[in-house]
Amino acid sequence: TALGADASDQRKLLAEGPSAAIDTVAGANGSTASTRTAAPSITSFSGKPRTRFQIGEDAYGVHVADQSYSLTNPAPQTLRFEVHKGDYAWYDSASVDRAEINSAVTYPAGTPITLTYQFMVEANGSNGAFVNSATGWFIVGQWHNDDDASGVGTSPPVALNMQGDHLQVLVRYCPPGKSPSNGAGFVVTKTLWTDPTPVVTGQYHDVKVQARFSNDATGYLKVWIDAAPVVNYSG
């Protein structure tokens with residue numbers, strides 16, 4: 001998983017606080033073999049690019065521009081992300097602005113996963129509004145492929161995105177036997193939900209995701225925002 005703010009050509013503010021990460025691994029015949037709840041405490045914090053810190057037992061890498069505001073730890077259970085136009089990580093082109101962390105934990109395909117967390121969008125416009133100046137995508141949370149294992153750069157199969165000031169859920173898949181590389185042109189993107197109401201700034205929103213990543217009919221995705229079910233997708 002990756003939490004943060006990714007965008008193309010934009011200026012924005014984003015605050016995000018992890019609440020809990022609950023990972024359930026299914027055993028034979030769908031029975032549960034193990035359940036792990038990661039403590040939300042942030043330790044050994046560093047906001048510098050190419051460093052790592054801990055959230056509970058899990059290590060997270062820091063992918064930011066080398067700015068003092070990019071990633072901060074204002075409270076023991078809160079991370080704050082801020083990104084301006086031109087804030088790209090060491091591996092990005094100048095067209096991609098990024099303030100992001102990513103988990104070192106990977107899961108085999110077909111593993112049922114449940115993740116919960118909270119995030120807040122800060123106002124950066126007048127009258128408490130959020131102004132999104134991105135000309136492309138603006139990702140505020142994503143579940144990513146293991147590009148190191150695949151050897152090609154890919155886009156996230158599940159992402160929470162901001163379209164203007166509206167939150168949406170995107171999914172991507174690649175037909176079996178085709179290259180999932182971003183440059184190959186085979187990836188299909190679907191928008192499963194767009195919030196009809198602009199995001200409320202200055203307050204935390206609860207996110208719950210249940211997913212099974214599989215490139216066949218057994219895959220599924222369920223998403224709740226502020227306890228309301230917004231996505232129930234299979235395939």
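A strand, in what follows, is a DSSP run of at least two residues marked E, and strands are numbered from the N terminus. Take Thr 189 as a case: it is found in strand E14, residues 188–194. I will come back to this threonine.

First, what we are looking at. This is a predicted model. The mean pLDDT of the chain is 84. Of its residues, 83% reach 70 or more. Over residues 8–39 the pLDDT is below 50. Beyond near neighbours in sequence, that stretch still has 131 contacts in the model. Where pLDDT is low, the predicted coordinates should not be read in detail.

Now the overall make-up. The chain has 17 strands and 1 helix. It runs to 235 residues, and buried residues make up 43% of them. Take the contacts with a separation of 6 or more: 56% of these join residues 24 or more positions apart. The accessible surface comes to about 11200 Å². Carbon and sulfur atoms account for 51% of that surface.

On to the inside. In soluble globular proteins, nonpolar side chains tend to be buried together. Here the largest nonpolar core has 25 residues. Which residues have the most contacts inside it? They are Leu 160, Leu 167, Leu 221, Val 223 and Ile 225. Several strands give two or more residues to this core, including E10 (112–120), E12 (158–163), E13 (166–173) and E16 (220–225).

Leaving out residues up to four places away in sequence, Val 223 touches Val 169, Lys 208, Val 209, Ala 228, Pro 229, Val 230 and Val 231.

Asn 161 sits in strand E12. Is Asn 161 buried or exposed? Its relative accessibility is 2%, so Asn 161 counts as buried. What does its side chain reach? The backbone nitrogen of Phe 138, at 2.8 Å. Beyond four places in sequence, Asn 161 is in contact with residues including Trp 137, Ile 139, His 166 and Leu 167.

His 205 is the other one. Its place is strand E15. His 205 counts as buried because its relative accessibility is 7%, and the cut-off for buried is under 20%. A polar atom of the His 205 side chain lies 2.8 Å from the backbone oxygen of Val 200.

Ser 155 is 34 residues away along the chain, and its C-alpha atom is 9.7 Å from that of Thr 189.

Last, one hairpin. Strand E7 covers residues 71–75, and strand E8 covers residues 78–83. The two run antiparallel and are joined by 3 bridges. Between them, in the hairpin, are 2 residues. Where does Leu 71 find its bridge partner? In E8, at Phe 81.

That's the tour.

Technical notes
Residues are numbered from 1 along each chain as its sequence is written. This is a predicted model: local features need pLDDT of at least 70, side-chain atom pairs count only at pLDDT 80 or more; totals for chains, interfaces and linings use all residues. Side-chain values use heavy atoms; hydrogens and water are left out. A nonpolar core is a set of buried Ala, Val, Leu, Ile, Met, Phe, Trp, Tyr and Cys residues joined through side-chain atoms within 4.5 Å. Buried means under 20% relative accessible area, exposed over 50%, partly exposed in between (1.4 Å probe, protein chains only). Helices (H or I, at least four residues) and strands (E, at least two) are DSSP runs, numbered from the N terminus. Contact means heavy atoms within 4.5 Å. A polar contact is a pair of N or O atoms within 3.5 Å; within protein, one must be able to donate a hydrogen and the other to accept it, and residues adjacent in sequence count only if both atoms are side-chain atoms. Two strands pair if DSSP finds at least two bridges between them. pLDDT is the predictor's confidence in each residue, from 0 to 100. Accessible areas come from the Shrake-Rupley method with a 1.4 Å probe; for residues, only the protein chains shown count as cover.
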